[in-house]
Amino acid sequence: MWGYLSLLPAFLALWATSGIWIVFAIAVANRTVNLSEGFPYISICGSYPPQSCIFGQLLNLGAAMAAWICILRYHQLRDWGVGKWPNQLILWTGLFSALGTSVVGNFQEKNQKPIHLAGAFLAFILGNLYFWLQLLLLWRKKSLPQPGALWIRPLRLGLCSLCTILIVAMIILHSQQLRSASAVCEWATAMLLFTLFGLFSVDFSGLDSCTLSLQPGSSLSPSPVSLGSLPV
């Protein structure tokens, strides 16, 4: 059974993939990037108005959806019996990756390059690490539920491996001034990360809904009333 929560990861993948290619198309159309000079990085396409406004909003909303998916996954793993510390490590890795995505959208490369690169590190490196930690957890705890078909786990392993290879290639090619080849690796890495997030739709297929529970602190809890203080 597929609940409405399973649509969130699929929508994020569709939102992010279509969004950055729309930004690319606008950048090419208004000639803020010149394809005859080489293939541009994602951030270069989103550095100039008007597409910079779309780029920032796109990544901010995408980061919010990614953070919510990480929180849902945390609670799902907790309900499956995963320990507190490994589960929190996975959660914070995903949340920092989502934060980096928002930083990339809000601090354009041409305006704040050091902050932009720090955000890109969080988004790509920690984003890839987030999914490796998921795979490591499922490998060590084979008793955990495995929703979906048997080929889902090998697919995730292949996507994570390819993502890692592309990140390393992107860095090496950039250091050797092969910017177009490095940019192609960046775009491919982004597509793979979006796909990995989208695959959470399989894991969330058995979730019907979620609830918010508030627990008051000890100082706010009502103090017990002694029998001697009761009126007679």
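1. The buried residues of α4 are covered by elements that include α2, α3 and α5, with contact taken as heavy atoms within 4.5 Å. Those buried residues are Asn87, Ile90, Leu91, Thr93, Gly94, Ser97, Ala98, Gly100, Ser102, Val103, Val104 and Gly105; buried means under 20% relative accessible area (1.4 Å probe, protein chains only). Helices are DSSP runs (H or I, at least four residues), numbered from the N terminus.

2. This is a predicted model, in which local features need pLDDT of at least 70 and side-chain atom pairs count only at pLDDT 80 or more, while totals for chains, interfaces and linings use all residues. Residues are numbered from 1 along each chain as its sequence is written, and side-chain values use heavy atoms, without hydrogens and water.

3. From first C-alpha to last, the 23 residues of α4 reach 33 Å, close to the 33 Å expected at 1.5 Å a residue (1.5 Å times one less than the number of residues).

4. Beyond four places in sequence, Phe131 is in contact with Cys160, Leu193, Leu196, Phe197 and Phe200.

5. The axes of α6 and α7 come within 8 Å and cross at roughly 155 degrees (lines fitted to C-alpha atoms over the stretch in contact; angles from 0 to 180 degrees between N-to-C directions). The pair is therefore roughly antiparallel (over 145 degrees). Among the residues of α6 that meet α7 are Leu159, Cys163 and Leu166.

Definitions and conventions. Helix = DSSP H or I, 4+ residues; strand = E, 2+ residues; numbered from the N terminus. Buried < 20%, exposed > 50% of the residue type's maximum accessible area, 1.4 Å probe, protein only. Parallel < 35°, antiparallel > 145°, perpendicular 65-115°, else oblique.
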